[in-house]
Amino acid sequence: METQLDPMKDDLPLMANTSHMLVKHYILDLDVNFESKVIEGIIVLFFETGSQYRKSSSTGKEGCQSQFDETYKMRASEPCHIPVTNVSACSSKTEYNDFAVCGKGEEDISDKNGNHSNKKQASGISRSKNCCDVENHGNKDFLLVLDCCDLSVLKVEEVDVAAVSGIEKITRSAKLTDVSKNLENLRNQIVHELVTLPADRWEEQLHYFTCCSQAPGCGELLFTAGTWSLEIRKSGTQTPTDFPHAIRIWYKTKPEGRSVTWTTDQSGRPCVYTMGSPINNRALFPCQEPPIALSTWQASVRTAAGFVVLMSGENSAEPVQLREGVLSWYYYVTMPMPASTFTIAVGCWQEVKQPSFTAPIQTNTEFSLPSSQADVRCNEEICGHVEYPCRFQNPAARLQAVIPYRVFAPWCLMERCEEHLLQLIPQCLSAAYTTLGTHPFSRLDVLIVPSNFSSLGMA
């Protein structure tokens, strides 16, 4: 049984086995429904084999297996969902007679923009009460453990990244010749090549991440959803090296989930935002939370027209109309960061813009950095961080005392924001630049949150 914890008093349990599998990139494809107070959709995770396993694998599997055994002792008490579909494209060998059988085959439902829906896929999923008993399958299969809480997981599957057209352009064919005979190894090698592309190819990398996220599935994976974790395994796969390095998860949040707050803004209109505390983003999407787990992400979020989606991202998203009454917003991040820093706010926000009849606000020059006191990082030829498109070495960014920003607020506060906030923000940003140096991101969104926003630590 899992330990019962009080998030207000106890530290959050770090369940994810990042030493074996490490998430390098997330792609989220979500729908926000204010009537049901649920966010639902798909998340695709791209992995690298964990460094600890790579080191220990040369000395044998005993140490690895003992950690698997410990994981099973902490396994969840809830029943898991094990749908069985046609897995002809994959070499999975699921042969358990007592598993619930899915009545419908898997269907790929996507609109012209490649947005997937999980409604039909989820319809054939059945329950099997004892399907994850250790007695049934032993403990030889590798178990991938993700951090999550208050989520309804509907389906997990392996993604056939080898089916993506043109994917060979990002691979080094010489390295793939040895694995071409084994399709599963080929898929994992493709993911490895993709997540390790040089930082200057980030646009190409994001493009292929998107293509891979829309690739067909090649076999469903077994999973158990617990109080603090999601455990996933593939029958017959005993090591992290052989486990699928690209998986797709269909899931829903719960209205009571503690990662998001469904409320109303100061104008009385519905909104939802991540509060980050007390359980970070575990009730928003399955993730990895140990400090070593730094990742990038992309997210497409659909909601009803009239709502604005703001998110931690390096681009200023503009809505795209998918159909009448539905808009889609897309954001991405190329700097590896903890999953807890993923933020989202959806509401009837309005952008506060400088009145056209007034002159632009001038930044107080006293906040600007003298050239002789430039940020010490600007003088370093090589930064000490993991590779990503670095703004610290960008000459234009070094002189950018006030980074591009947007201000959003509920309609009832628009006038006050125009009068007071628009004059204050440039000075605050310039003062921060003076103290902290170059801002690591290319832009900033400022949102006037509802008064019940209680998570100042994530502000």
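Guide: One term comes first: a residue is buried when its relative accessible area is under 20%, and exposed when that area is over 50%. Keep in mind that this is a predicted model.

Helix α6 covers residues 183-195, 13 residues in total. From first C-alpha to last, α6 reaches 19 Å, close to the 18 Å expected. Ten of the 13 residues in α6 are buried, so the helix is mostly covered. Among them are Glu-184, Arg-187, Leu-194 and Val-195.

Now the rings. A pair of aromatic rings is described by the distance of the centres and the angle of the planes. Rings of Phe, Tyr and Trp pair if their centres lie within 6.5 Å. By this rule there are nine aromatic pairs. One of them joins Phe-34 and Trp-262, edge-to-face, with 5.5 Å centre to centre and 85° between the planes. This pair links distant parts of the chain, 228 residues apart. Phe-34 lies in the loop between β1 and β2, and Trp-262 in strand β11. Phe-34 counts as buried because its relative accessibility is 17%. Trp-262 is buried too, at 13%.

Phe-285 and Phe-342 make another pair. Their ring centres are 5.3 Å apart and their planes stand at 75°, so this pair is edge-to-face. Again, distant parts of the chain are linked, here 57 residues apart. Phe-285 sits in the loop between β12 and β13, while Phe-342 sits in the loop between β16 and β17. Phe-285 has a relative accessible area of 1%, so it is buried. Phe-342 is at 2% and therefore counts as buried. Ring pairs also draw these two into a cluster with Tyr-26 and Trp-297.

One ring has a charge over it. The charged end of Lys-155 sits 4.4 Å from the centre of the ring of Trp-250.

Last, the packing. The largest nonpolar core has 64 residues. Tyr-26, Ile-232, Ile-247, Ile-249 and Phe-285 touch the most other members. Leaving aside residues up to four places away in sequence, Ile-232 touches residues including Phe-142, Leu-144, Val-156, Leu-222, Phe-243, Ile-247 and Ile-249. A second, separate core has 24 residues, among them Ile-27, Val-159, Val-164 and Ile-167.

Conventions:
Residues numbered from 1 in each chain as written. Predicted model: local features only at pLDDT ≥ 70, side-chain atom pairs only at ≥ 80, totals over all residues. Heavy atoms only, no water. Helix = DSSP H or I, 4+ residues; strand = E, 2+ residues; numbered from the N terminus. Expected span 1.5 Å × (residues − 1). Buried < 20%, exposed > 50% of the residue type's maximum accessible area, 1.4 Å probe, protein only. Phe/Tyr/Trp six-rings, centres within 6.5 Å; stacked < 30°, edge-to-face > 60°. Lys NZ or Arg CZ within 6 Å of the ring centre and 35° of its normal. Core = buried A, V, L, I, M, F, W, Y, C linked by side-chain atoms within 4.5 Å. Contact = heavy atoms within 4.5 Å.
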